[in-house]
Amino acid sequence: MTADVSESLLPSLRDTAPPTVSGKGPIVPTAFWRMLPDGRVQCEMCPRFCKLKEGARGLCFVRARQDDAIVLTTYGRSSGFCVDPIEKKPLNHFLPGTPVLSFGTAGCNLACNFCQNHDISKSREMDRMQAEASPDAIAELAVKLGCRSVAFTYNDPVIFHEYAQDIAIACRDRAIKTVAVTAGYLTEAARPAFFENIDAANVDLKAFTERFYRDVTKSELAPVRETLRYLKHETDIWFEITNLIIPNENDDPEELEAMSDWIAQELGPDVPVHFTAFHPDYRMLDTQATPHATLAMARRIARKAGLRYVYVGNVTDLGRQSTHCPTCGDRVIGRDWHQLSEWRLDANGACLGCGTAIPGVFDGPPGRWGRKRLPVRV
């Protein structure tokens, strides 16, 4: 089964190309596509497998057919830049307390009814993407701002893979890490290239039923599960999982139990999981916000399944957002809505109380960025 798209829903490639960015224009070739016998070109970056006639765009809006090939139409253009705490991605075990330079582009390859970045991800207007920057300029900006990493976020970097890949290479040359915040909805063929130069990822596991993925996101669960397996068993990338809990959609205890059991068995007990609160947005304005008690219930279920590092998000909750040593129970990282307090780890990330190693990427003392958010211009 593939999440195919009717041609009537695919936008046309009519926009005037924006200016060239540092010698590399906004329209660049891509590798993941093939010509079909009927003359259409099939994009194979994600499991939608959009089949395009000349001049048509995929559902993501940014990958299009031009001259019998699939091209990326937004290379070098962004919806804006901001310095965030790394915990906002959310990543709790990756360079805690440090600032991350975050940005996204227009478009998305999912169609979530609850999208909380819909002004960016659902944009169909090129002039919404106001910032232009080359990969080298982004990497240099991260260095200048004292950021330890650059995050591809706000919309899914799968759709602007070529731009993200070049940024990751430029960052690696300057000892800057890169982070992919992604729904993990990409093909088996594209996974190795997409993650090749990525250092960390947060994968949005939106639910654990095909019904939810089909009806609420217009996509599929199976490829996301395969992406998670790939990250665990075929890469050294540090990754964490986020599950946005939506009342009456994916908050059934049996579903949460099945998801937690799967994570424990397939990915291991040390993968951090974040259960975050939904707030009404986009096409789900009539759905209530997630009760705090539901987040606490989800955490209990996941802990019972054997997961050692389970957090709640989009709420204030020091106890359930902090990291505790699984051996002695000490609070080793105090954390409340992206703000760190206690720090009881040595330079290698081991508990000062009992010496248990806490899994993650730790590099000496924590950063001091805190919870502030700083918009920046390139």
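1. Start with helix H2, residues 135–145: Pro135, Ile138, Ala139, Leu141 and Ala142 are buried there (buried means under 20% relative accessible area, with a 1.4 Å probe and protein chains only; helices are DSSP runs of H or I, at least four residues, and strands are E runs of at least two, numbered from the N terminus). These residues sit on the same side of H2, because they span an arc of only 160° around the axis (the arc is taken from the directions from the helix axis to the C-beta atoms).

2. A quick word on the source: this is a predicted model, where local features need pLDDT of at least 70, side-chain atom pairs count only at pLDDT 80 or more, and totals for chains, interfaces and linings use all residues. Residues are numbered from 1 along each chain as its sequence is written, and side-chain values use heavy atoms, leaving out hydrogens and water.

3. What do the buried residues of H2 pack against? Their partners are strands E8 (80–85), E9 (99–104), E11 (149–152) and E20 (374–376), plus helix H3 (161–172). After H2 comes Gly146, with a positive phi near 75°.

4. Now the largest nonpolar core, which has 91 residues (a set of buried Ala, Val, Leu, Ile, Met, Phe, Trp, Tyr and Cys joined through side-chain atoms within 4.5 Å). Leu101, Val150, Leu205 and Phe275 have the most contacts inside it. Leaving aside neighbours within four places in sequence, Leu205 touches residues including Tyr213, Leu221, Asn243 and Ile263 (contact means heavy atoms within 4.5 Å).

5. As for the whole protein chain, there are nine helices and 20 strands, and 59% of its 378 residues are buried.

Methods:
Buried means under 20% relative accessible area, exposed over 50%, partly exposed in between (1.4 Å probe, protein chains only).
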